[in-house]
Amino acid sequence: MLDGRGAVRRRAGVRLWLSALWLGLLVGAALLAPWIAPKDPLAQDLFLGRLPPFWMAGHEPGYHLGTDSLGRDVLSRILHGARIALVVAVVAGSVTCLLGAALGLMAGYLRGWVDVVISRFIDIWMAFPPVLFSILLIAVIGPGLGSIILAIVIIDWTRFARVVRAEAMAQGAMDYVASARVAGRGRIGIMLREILPNVMPTIVVLLTLEMGIAVIVEAILSFVNLSISTDDPTWGGMIAEGRTSVHQAWWVLVFPLVTLFLTVLSFSQLGEGLKDRFDPVLR
Amino acid sequence: MSDLYEVSGLRLSLADMTRKPLLGAAPRLEILKGLDFTIPKGTVLGIVGGSGSGKSTLGRALVRLLTPSAGSIRFDGADITRLDEAALRPLRRRFQMIFQDPMSSLNPRHRVGTLIAEPLRLHGLDGIPARVARALDHVGLPAGFIGRYPHELSGGQRQRVGIARAIALEPDFILADEIVSGLDVSSQAQVLNLLEQLVRDLGLTLAFISHDLSVIRRLCTRVMVLHQGVIVEDRVTADLFAGPQAAYTRELLDAIPLPDPDQVWL
Amino acid sequence: MSYLEIDRLTVRLKGGGTLLRAVSLQVAAGEVRGLVGESGAGKSMIGKAVLGILPRAAEVVSGRIVLDGVDLLTLPPAERRRRVGASCALIPQDPLTALNPSRRIGPQITDRLVDILRWNRGRAEGRARELLAEVHIPDPDRVMRCYPHELSGGMRQRILIASAFAAEPKLIVADEPTTALDVTVQKQILKLIKEMQLRHGTALLFVSHDLGVVSKVCQSLTVLYAGMVLEDAGIGDFFRAPRHPYSAALLAATPKYTDPTAGLIPVPEAVLAAVRAEVAAADRRAGHV
């Protein structure tokens, strides 16, 4: 009450709505890409290579954001790229979250040998360098959407497990947990009904951050050519290709980069906004 | 009058994490050093002592949130000293606890109605809405409070919810751990009056932990003074206040600032 | 003449809500004045307003805080900080959080002397050692090298008292200084505060919810409710016959172990209703909501 939370909340509200709006647009684009994309994202036309976006001299009607060096429509490729980005964000984010949060919750509340086993496992796991690890993994199991998601889950579950463990430990020491025990609630009940709701705001923030990270990881892997087959348009792949022609056609690099940036930012802002919204103590 | 609790040779030690060596287990710190006492049915036992006296640890051992390292606790004839969580569950309904800090002992994510109803549901009781309403009524809170969150209530109201939650199960015994020490004097008086009335109306047996002898005197039939894990005095309230025998009890009494201007007290 | 004079001080939350309602009170040099009231009465806010450490969301709307003849609220912030830092100090409520856990005790006491009074390290350390001895800490040299977690709550509160008196302030705000302590330790700390206050002739603004404690330490007291002063009295008069019905009810609610029938009487609803009406009437007169 005394720290002027009201003003902060209003600002948080604006950020929440802006980021939700952007992500909503993106989901729409991903779902409707085949119908709303003005061109075929894979259609090459070498006569129409490196067309500038619509407001610059020399643009062609129908190619709103220009074309790349092979004459493929940038806007259509971004819209199609949203599909892969969002699938990776949602699937990899949720699976990572479920796995990490469940292990963290058990370690943090049950303590004892469960904690020892899970914590040591996390320590050992985190000692592997993540980028090398994921490259290695994909080299072994082969590229593809599934491999990317698996790589993200395998690398990032520790992030959830560590934070949720610490939080569950702190919540476990609170008297409302003792109070639930006195009332006769069992251990699983306490974890799910008492501790989980109190750890939820943290999990929501982590989850949305993780979705942003997943988008970035996918882009990085595309950038180093380890992602989906090179035919499918991905933002990372577009950035990689745009890099080579940045002096002649900056738009091939900049538009997917801005899209990527806004998406990752929106995910993190969405998390912060949702955390406040779902916290009865702050509401 | 029979005894609800029979405690003998109770010892309890906890791992002292502040002195844990880099390798190996933390040393054990003995908090309770062999306590013997009984709590007869229908009485109010005051447990008093300073911080580090072990009074809260003793309380938590009585409701078996902690497991004693030696000795025994018998509840209504049954040995509960080392029962595991599953074996304790059916008994839990019969001994309840009210916590010092109602803010941290009421899960901030649950509404008052859920907080009171959950324990009832766990013990498979029927007519839950009626029981919740009755409990709220007992503690003098309006029925409309079931939809509120703990943070929307005042300190005194939260503590009433804590009491309602404990009495809704119709237990034989309630442990109240410093339940008025965080409250303003006026709410403190209200909560104590309420407790006094509930003990009378519901025939409860109560153990009341406090550092405040003034409050103890008002409520308790008997007073047990703990000092560094040992019982230094255990007597009927009026006798204790008439002539405290242990030096520590006298020191405690002497340290209470009475609301009278008195230049020589300090 | 009073050393501290607060004149019709009104403090409000930036989002609305009034914390202090035209509070006026005086503290003479060397006087110990208690500020009494239930939680939310604004008793801590007065001390915070004087020291210039109000929460960010609170602001002084009107009134004057005159310290040693100068209205603090008219001073530029830097000048105000310097003036308050040189003549006032705080004994905080919670000895656990008031000391920085990752620094040794010694520097935490000497910092004030070096930063505010521009003493050199050696002189400041000598003074710190003296002060620790003055608050009856055995082996001050060892304690100065300790970290806060190595000391008991009572010890830490002694250190905070030593630290408050270090720069020879003229006014100390003690904000519930013994609330977090055991009764037996409380008595020792109260004794120490009183002893130090008498020896140094410091004026004390003693914030407390405990009328028992106030009756032992203070010479005068101010009773607050919802940020409004209800009564201003000398200690003897107040405990003999409080003038305001709310004060009387507060006194009747305070427990007394010597007399099991007296004390612990809740403040009657009628008294609360009357005092709330009084606050509302004052608000209407002042023209704020």
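These notes walk through a few features of the predicted model above, chain by chain.

1. **Chain A at a glance.** Let's start with the overall make-up. Chain A has nine helices and zero strands, so its elements, read from the N terminus, are simply α-α-α-α-α-α-α-α-α. Its C-alpha trace spans about 75 × 50 × 30 Å along the principal axes. Of the 283 residues in chain A, 46% are buried. Have a look at the contacts too: taking those between residues at least 6 apart in sequence, 72% join residues at least 24 apart.

2. **A helix pair in chain A.** Now pick out helix H2 (residues 74-110) and helix H7 (residues 187-223) of chain A. How do you describe a pair like this? Two packed helices are described by the angle between their axes and the distance between the axes. Here the angle is about 145 degrees and the axes are 7 Å apart. The crossing of H2(A) and H7(A) is right-handed. Sorted by class, their contact contains 21 nonpolar, two polar and three charged residues.

3. **The largest nonpolar core.** In soluble globular proteins, nonpolar side chains tend to be buried together. The largest nonpolar core here has 233 residues, and those touching the most other members are A:Val215, B:Ala164, B:Phe208, C:Ile161 and C:Phe206. The element that gives the most to this core is H2(A), with 18 residues. Zoom in on A:Val215: setting aside neighbours within four places in sequence, A:Val215 is in contact with A:Ala85, A:Val88, A:Ala89, A:Leu260, A:Thr263 and A:Val264.

4. **A:Ile36, for contrast.** Is A:Ile36 buried or exposed? A:Ile36 counts as exposed, because it has 12 C-beta neighbours inside 10 Å, and the cut-off for exposed is 12 or fewer. You'll find A:Ile36 in helix H1 (residues 5-36) of chain A. Leaving out neighbours within four places in sequence, A:Ile36 is in contact with A:Ala29 and A:Leu79. From A:Ile36 to A:Leu260 is 224 residues in sequence and 20 Å in space, C-alpha to C-alpha.

5. **Helix H6 of chain B.** How many residues of H6(B) are buried? The count is 12 of its 13 residues, so H6(B) is mostly covered. The buried ones include B:Gly155, B:Arg158, B:Ile163 and B:Ala164. Among the elements of chain B that cover them are strand S6 (95-98), helix H5 (128-138) and helix H7 (185-202).

6. **Helix H4 of chain B.** What covers them? Just after H4(B), look for B:Gly124, with a positive phi of about 65 degrees.

7. **Where chain C touches chain B.** This contact takes 33 residues from chain C and 30 residues from chain B. On the chain C side, helix H7 (183-200), helix H8 (211-217), helix H9 (235-240) and helix H10 (245-253) each supply at least two residues. H7(C) has the largest share, seven residues. By class, the chain C side divides into 16 nonpolar, 10 polar and seven charged residues.

8. **Two glutamates with positive phi.** Both are worth a click. B:Glu178 has a phi near 50 degrees, a positive value in a residue other than glycine, and C:Glu168 also has a positive phi, near 50 degrees. B:Glu178 sits in the loop between S7 and H7 of chain B, while C:Glu168 lies in the loop between helix H6 (153-165) and strand S7 (171-175) of chain C. B:Glu178 is partly exposed, because 19 other C-beta atoms lie within 10 Å. C:Glu168 counts as partly exposed too, with 14 C-beta neighbours inside 10 Å.

9. **One last residue.** C:Ala133 lies in helix H4 (residues 121-134) of chain C. With 13 other C-beta atoms within 10 Å, C:Ala133 is partly exposed. The C-alpha atoms of C:Ala133 and C:Ala162 are separated by 9.0 Å, although the two residues are 29 apart along the chain.

Conventions:
Residues are numbered from 1 along each chain as its sequence is written. Chains are lettered from A and ligands numbered from 1 in the order in which they are written. This is a predicted model: local features need pLDDT of at least 70, side-chain atom pairs count only at pLDDT 80 or more; totals for chains, interfaces and linings use all residues. Axes are lines fitted to C-alpha atoms, for helices over the stretch in contact, and angles run from 0 to 180 degrees between N-to-C directions. Helices (H or I, at least four residues) and strands (E, at least two) are DSSP runs, numbered from the N terminus. A crossing is left-handed if the near helix is turned anticlockwise from the far one by less than a right angle, and right-handed if clockwise. Ala, Val, Leu, Ile, Met, Phe, Trp, Tyr, Cys and Pro count as nonpolar, Asp, Glu, Lys and Arg as charged, and the others, Gly among them, as polar. Two residues are in contact if their C-beta atoms, placed from the backbone, lie within 7 Å. A residue is buried if 20 or more other C-beta atoms lie within 10 Å of its own, exposed if 12 or fewer, and partly exposed in between; C-beta atoms are placed from the backbone. A nonpolar core is a set of buried Ala, Val, Leu, Ile, Met, Phe, Trp, Tyr and Cys residues joined through C-beta atoms within 7 Å.
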